[in-house]
Amino acid sequence: MQLNSKVAAVMAVLFLCLFTVDVYLDYRQMSGSSSAVAESVTLAPARVDGQTVGQIYQQLAVIIKQRAIFYAMGFLLSLLLLAWVLNKALLFPVSRLKRVALELARGNYLAAMNLPEHDELTQVSQAFKHMAGEIAKREEVVNRQKGLYSALSQTSKTILRNRSPQVLFERVCDIAVTFGGFNAAWIGEVNEMGKNILPIASAGINLESLKACTFELDLTNPQADSPLAISVYGKCPSVIDEVDVDPGKTPWHRLAKLSGSRSAAVFPIVTHQQVVATLTVYAQERSYFTLTIHDLLHEMVSDLAFAIENYERTQAHQLAHHSLERSSGELEAVNKKMSLILESTGEGIFGIDERGACSFINKAAAEMLGYTQEELLNQQIHTRVRMFDEAGKSFNSAVLKRGESVRVKDESFLRKNETLFPVEYSTYPIKESGKFKGSVTVFRDVTSTRSMMREMRFLATHDSLTHLLNRHAFDQRLRETFANSKDHGVQHVLLYMDLDQFKLVNDTCGHVAGDMMLRQLSHRLQRTIGGDDVLARLGGDEFGLLMENCQLERAQRLASKICSVIKDFRFSWEGRAFSTGVSIGIVAIGPNTESPHSALSSADAACYVAKDMGRNRIHVFQPYDEEIKRQQGEMRWVGRIESAMDQQRFSLLQQPIMSLRSTAIGDEHIEVLLRMQDERGKQIMPGAFIPAAERYNIMGTLDRWVISHAFRWLSENPQRMEELGLCAINLSGQSLGDGTLHEHILEQLRKFDLPADKISFEITETAVVSRLDQAARFISLLKRRGFRFALDDFGTGMSSFSYLKRLPVDYLKIDGSFVSNMVNDPVDKAMVESINEIGHLMGLQTIAEYVEDDQTLEQLIDIGVDYAQGFGVVRPMPLDMADPGPLNAA
């Protein structure tokens, strides 16, 4: 206002001066000159240019009035114009400053940016801008701190809910971005080896992108030189104030730059003095992480670590609580089960205290001992059942003395009625704080088990048909006799006997008749020989007789008697009578005998010579016997087989096995067959060389060759293997006695990477019976790996069913002697039906061999046999021959 008054006064003086000068100039013009005017003033009344002085003053007064009005209007207009100019030049910037001040008061610190850089109030504007900037910075710091305090508060609320670390990590990342004001945040878990970090939670940045990166912690690796490694190994926060100028090129830096961040920080999460994870946060401004923000983030991470430890403690407590509840429930259930087991088990169980008194006994134990439970409780039970050792002490004293369990396999207990029964029992000590408090005894009646074991041991060493010693037991006895001869110079004699025309009985009347004939002949032979002589069935219609401490003359006399007895024997079957004879080869066993094998081979050769001489004869082996040499030359199959093996003259064929029930693809079965070629390329059937291979113990080598080449073929033909449901491979009886064959099979399986369930091994019934324990063990070992097994030539003896339950086979191959003539022979058909029914009851599938015509095939379908094989189905063909088409009759 003072400025405006001064300006108005100056303008008034200026306009007054201009008004006076203008009036004066007009007056001079009217008076003409100053002297004339003066004269006219002094000489009254005088005239000037025809006018009087009075008229001149009147005109002057009019001019003064006009000029006064004009200058007054000009003064007012100029004053208004000046006021507007002053308002624009001075008052408007002031009002703008006023508005900016009001915006600043409201918290809008960006309003200061609208002030001009240069005007009348430049210094005032600059002062306002500086003041607004400082206030904005302080307000921004305050807001950051408020955001972090809010984030810290939200973290505390999350922690109070006792969530899992994964949920907590995800929530903390969201809080850091939502409330903390950070661009992005992620948490990575340090792996067990401490070599790298795996992102597990994030916000503001894609978690999958993080997981695609490798965050190594090896400080010796330039790619791992990052705040992550420094923070983990130093267990301290790591801050980068200017990411864009930091020289690092690690995934950590690239993620920071991609997110538009200019600063970042890593805080380790430490539990139990170990860094388990890291929290990484990104900020948009440089040098964002002030001391206050740093402290707040450190406190947030500390709370997070406390929450993790608390969650672990809570989980451990809950786990312990649940475990205690579960244990209590389990203990109660176990008590119930134990009580139920004790009363329902078939084994006898009783316990005694340290005084020997019975503390508990189950029902089975009391019944086996012939007592009631009440009669034995609190009684000296070991005196009643006669459980004493050789020194007359109770069994309990032995347990007490050694402090360990006792197991007895061969013992007998005394019943109440004074009868004994065999048992196996185990006694276990009961200790409490290291002190003996009694014992628990578990026993079982093994009467039936021992009877079965005796039977199994008998079957392992005896022929199931004739009950004579089998080939394996005879070989063992022959080895013992050979050793005795070497050690003591004693002579023994070996007889090899082969029945003449026995095949005629089998071919005309069937295997059942042949078996009956062999039983009757065996009984006659046993009655004929001496009590100390060892008679065995070596296989088929071949027998061996070992006469210990015997001279050749006596052996020859006995051989002649045997020939007479067998010649006089008549076998009757269904109204038909058969006679037979026997060819006998004799060899002396003395100190000069090369080996048991050579003795058996010589006796065998002598037996063949006897056959060639007219049958029902005796031939004694002589070292230089020309007939023996000729026979041995004819039997040199060993060399021929080995030569064929070296020259790769063995080959494999396949014979399909037709499914009679299923039409599904993949149910096709084949059997691999072995063939040999002679030096001229002629094919030799197995019947020609297999007996020699078995006789001279080289079947194991042939079996391994077949297995390796069959596995290789399956591996090289994956499409064919996929089509097959099963590939069957035959194994000889000798291979069952090879303790390393199963390892060879598993090695070949791994080598060719084949599925075991595609392969089945076929073992003949005769081989199984002669080596029952070995066969059961061999089959069990390979069944665990997925292989399948078939029992070949099944049904040649009804004793088959007594041991079938012990063999975990999958298939029964019904012997072809029943199948081939079942259309014409109702007995053979009944045998097939019986074997098929029993096989199905035991969960086995059945395969009929020697199916030669459609009539047989139709009867097999009616009976319910699962598979059929034979020339009437498909003949053998090379392995590489094209698929013959779907094989099924369903």
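Author: Start with the lining of the largest cavity. By class, it has eight nonpolar, two polar and one charged residues. The model is predicted, and the values here are computed from it.

Here are the names. The lining is made up of Ile657, His669, Ile670, Leu726, Cys727, Ala728, Ser760, Glu762, Ala790, Tyr811 and Ile847. Which elements give two or more residues to it? They are strand 22 (668-677), strand 24 (724-731) and strand 25 (759-764). Strand 24 gives the most, with three residues. The space in this largest cavity is about 50 Å³. The structure holds three cavities of 30 Å³ or more. Rolling a probe the size of a water molecule over the atoms shows where empty space is left.

Now the cores. In soluble globular proteins, nonpolar side chains tend to be buried together. The largest nonpolar core here has 82 residues. Which of them touch the most other members? They are Phe650, Phe689, Phe711, Phe761, Phe787 and Leu860. Helix 23 (residues 699-716) gives the most to this core, with nine residues. A second, separate core has 34 residues, among them Cys550, Val582, Ile584 and Ile586.

Take Phe711 by itself. Residues up to four places away in sequence are not counted here. Phe711 then touches Ile729, Ile745, Gln748, Leu749, Phe752, Leu754, Ile759, Phe761 and Phe787. Phe761 and Phe787 are also named among the residues that touch the most other members of the largest core.

Next, Ser583. Ser583 lies in strand 19 (residues 581-589). Is Ser583 buried or exposed? Its relative accessible area is 0%, so Ser583 is buried. The side chain of Ser583 makes a polar contact with the side chain of Asp500, at 3.0 Å. Leave aside neighbours within four places in sequence, and Ser583 is in contact with Tyr496, Met497, Asp498, Asp500, Cys607, Ala610, Lys611, Arg615, Asn616 and Arg617.

Ala364 is another buried residue. It is found in helix 10 (residues 363-369). Why does Ala364 count as buried? Because its relative accessibility is 13%, and the cut-off for buried is under 20%. Leaving aside neighbours within four places in sequence, Ala364 is in contact with Thr345, Gly346, Glu347 and Gly348. Thr345 is 19 residues from Ala364 along the chain, and their C-alpha atoms are separated by 7.0 Å.

Most residues other than glycine have a negative phi. His467 is not a glycine, yet has a positive phi of about 65°. Where is His467? Its place is in the loop between helix 14 (447-461) and helix 15 (471-488). His467 counts as partly exposed because its relative accessibility is 47%.

Asn549 is not a glycine either, and has a positive phi of about 50°. Asn549 is found in the loop between strand 16 (542-547) and helix 18 (552-568). With a relative accessible area of 56%, Asn549 is exposed, because the cut-off for exposed is over 50%.

Technical notes:
Residues numbered from 1 in each chain as written. Predicted model: local features only at pLDDT ≥ 70, side-chain atom pairs only at ≥ 80, totals over all residues. Heavy atoms only, no water. Core = buried A, V, L, I, M, F, W, Y, C linked by side-chain atoms within 4.5 Å. Buried < 20%, exposed > 50% of the residue type's maximum accessible area, 1.4 Å probe, protein only. Helix = DSSP H or I, 4+ residues; strand = E, 2+ residues; numbered from the N terminus. Contact = heavy atoms within 4.5 Å. Polar contact = N/O pair within 3.5 Å; in protein donor to acceptor, adjacent residues only side chain to side chain. 1 Å grid on protein atoms, 1.4 Å probe; cavity = no way out; pocket = protein on both sides within 12 Å on 5 of 7 lines; lining within 4 Å. Points joined across faces, edges and corners; volume = space filled by probe spheres on them. Nonpolar A, V, L, I, M, F, W, Y, C, P; charged D, E, K, R; others polar.
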